[in-house]
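Colleague: I'd like to learn how to read a structure I've never seen before. Could you walk me through it, feature by feature?

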Amino acid sequence: MSEHQHDEFSIIDQLFKPLAGLAKEARGLIDDVAVIAADSHHDLVISTDAMVAGIHFFENDPLDLVARKLMRVNLSDIIAKGAIPYGYTLVTAWPRGTTYSEKQDFVRGLKIEQDRFGLDLFGGDTVSTYGPLHVSMTIFGRVPPGRALSRLGARPGDKLLVSGYIGQGYLGLKALQGEFLGVTHADENDIISAYHLPEIRPDLAVCVRDHARASMDISDGLLADADHMARANKIMIRIDLNKVPTSLAARTAMGAGLSPVELVTGGDDYQILCAADDAGARALVMSGFYEIGTCLGLSDDTPAGAELWADGRRIDVATKGYSHPL
Ligand SMILES: Nc1ncnc2c1ncn2[C@@H]1O[C@H](COP(=O)(O)OP(=O)(O)O)[C@@H](O)[C@H]1O
Ligand SMILES: Cc1ncc(C[n+]2csc(CCOP(=O)(O)OP(=O)(O)O)c2C)c(N)n1
Ligand SMILES: [Mg+2]
């Protein structure tokens with residue numbers, strides 16, 4: 001592969017995967033978390049996520065909201081695996097000139113989320129940088145032994161489900177970028193708030209663990225992350241665009257010209273995406289999940305991946321979601 005054709009996934013695959021060796025804790029670096037046997041009652045589920053100003057949030061975003069988003073984007077991985085979070089470590093690289101009061105804002109945000117979700121800070125590192133603000137967090141969760149879900153495990157015939165509205169964070173990003181969406185002032189506040197503080201559902205962790213066969217969070221975009229799940233399982237996932245749950249704000253924006261494809265490829269959702277058999281899907285729907293598609297076996301010439309369908313036709317999508325160019 002030439003020097004300018006890499007993205008995060010090819011770098012992880014080519015450069016980092018060999019370092020994981022056969023360690024079962026690493027899950028081959030194809031899952032979102034590491035899983036480590038802790039004691040006779042628990043496995044530890046560990047997730048790390050970084051956020052960089054200008055890439056994941058705006059340079060002028062209030063730092064309490066940056067801290068809260070960092071906690072939530074990381075918690076979403078832990079919850080999707082069916083684990084209960086209990087602690088975290090933190091790395092902050094502060095641009096020179098960041099004031100004490102800005103750092104206090106950041107800590108205030110952390111305190112709100114850690115109190116809400118039941119975590120304590122276990123350690124970390126604090127450094128300065130000539131670059132933009134960079135913050136990174138590792139969260140530790142617990143599950144009963146052998147019960148951590150993986151993005152592996154989906155089978156042909158399974159249903160695909162999501163835990164909530166898709167596209168809210170993306171709409172918030174568009175609003176903050178000044179795009180006309182035609183939504184009311186109240187709806188604009190809601191979508192901007194979804195961008196800064198994505199909805200996460202720790203209350204669903206045990207339900208997912210009990211009823212899903214495969215599960216992950218949606219960060220890069222519904223279609224991209226379904227594609228990751230499909231490839232890991234060597235299956236086809238067919239998403240019915242008409243079944244994807246969207247808010248009134250999203251429907252208004254689509255009425256004003258926004259393409260529905262953008263909503264399912266925009267990312268910043270942090271909802272749970274899971275696959276379940278019929279009985280599991282019924283239980284998940286009873287708990288508030290939405291059924292949005294199906295898992296299919298591969299015929300000889302079809303590659304694994306996720307496809308978007310609407311009204312009986314496949315929709316051609318050029319970019320399925322966000323990937324960091326590297
Ligand atoms: N720098 C790295 N070193 C080791 N593992 C990495 C690195 N970057 C990503 N990974 C691993 O690659 C996999 C895919 O990463 P990613 O798509 O970012 O997951 P997530 O969406 O859950 O953050 C995960 O297992 C993650 O732990
Ligand atoms: C200012 C700004 N521009 C663009 C985006 C969109 N965006 C940036 S990264 C990303 C995907 C998720 O980030 P990533 O680091 O890939 O998270 P992970 O999949 O590792 O959890 C998206 C949708 C954003 N959130 N903020
Ligand atoms: Mg990542």
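Predicted model: local features only at pLDDT ≥ 70, side-chain atom pairs only at ≥ 80, totals over all residues.

Colleague: Fine. Into which domains is the protein chain divided?

Modeller: There's domain 1, covering 15–143, and domain 2, covering 159–315. Their C-alpha centres lie 23 Å apart.

Colleague: And how many residues of each domain are in contact with the other?

Modeller: On the domain 1 side 20 residues take part, and on the domain 2 side 19. Helix 2 gives the largest share of the domain 1 side, with 10 residues. By class, that side of domain 1 divides into 11 nonpolar, 2 polar and 7 charged residues.

Colleague: Which residues make the contact?

Modeller: From helix 2, the contact residues include L63, V66, M71 and L75. From helix 3, F106, L110, I112 and F117 are among them. Charged residues join in too: in the contact of helix 2 with helix 3, the count is 10 nonpolar, 1 polar and 7 charged.

Colleague: Now the inside. Which residues of the largest nonpolar core touch the most other members?

Modeller: Those are A226, M229 and I239, in a core of 83 residues.

Colleague: What does I239 touch, leaving out residues up to four places away in sequence?

Modeller: Its partners are L160, L223, A226, V244, I292, G293, A306, L308 and W309. Notice A226 in that list; A226 is another of the residues touching the most core members.

Colleague: How do I decide whether a single residue is buried or exposed?

Modeller: Count the other C-beta atoms within 10 Å: 20 or more makes a residue buried, 12 or fewer makes it exposed, and in between it's partly exposed. L222 is buried because 30 other C-beta atoms lie within 10 Å. Beyond its sequence neighbours within four places, L222 is in contact with I166, V244, V264, D269 and L273.

Colleague: And H134, is that one buried or partly exposed?

Modeller: H134 has 18 other C-beta atoms within 10 Å, so it counts as partly exposed. You'll find H134 in strand 5 (residues 134–143).

Colleague: How do I compare distance along the chain with distance in space?

Modeller: Stay with H134. From H134 to V52 is 82 residues in sequence, yet their C-alpha atoms are 4.5 Å apart in space. V52 is also one of the contacts of H134, along with A50, A93 and T129. Now take I36, found in strand 1. I36 and L121 are 85 residues apart along the chain, and their C-alpha atoms are separated by 19 Å.

Colleague: Then what does I36 touch?

Modeller: Leaving out residues up to four places away in sequence, I36 touches E25, D43, L44 and I46. With 16 C-beta neighbours inside 10 Å, I36 is partly exposed.

Colleague: Last one: backbone angles. Which residues should I check for a positive phi?

Modeller: Look at L29, with phi near 55°, a positive value in a residue other than glycine. L29 sits in the loop between helix 1 (8–20) and strand 1 (34–37). Y270 is another case, with phi near 60°. The place of Y270 is the loop between helix 9 (260–265) and strand 9 (272–276).

Conventions. Residues numbered from 1 in each chain as written. Chains lettered and ligands numbered in written order. Contact = placed C-beta atoms within 7 Å. Helix = DSSP H or I, 4+ residues; strand = E, 2+ residues; numbered from the N terminus. Nonpolar A, V, L, I, M, F, W, Y, C, P; charged D, E, K, R; others polar. Core = buried A, V, L, I, M, F, W, Y, C linked by C-beta atoms within 7 Å. Domains from an automatic or database assignment.
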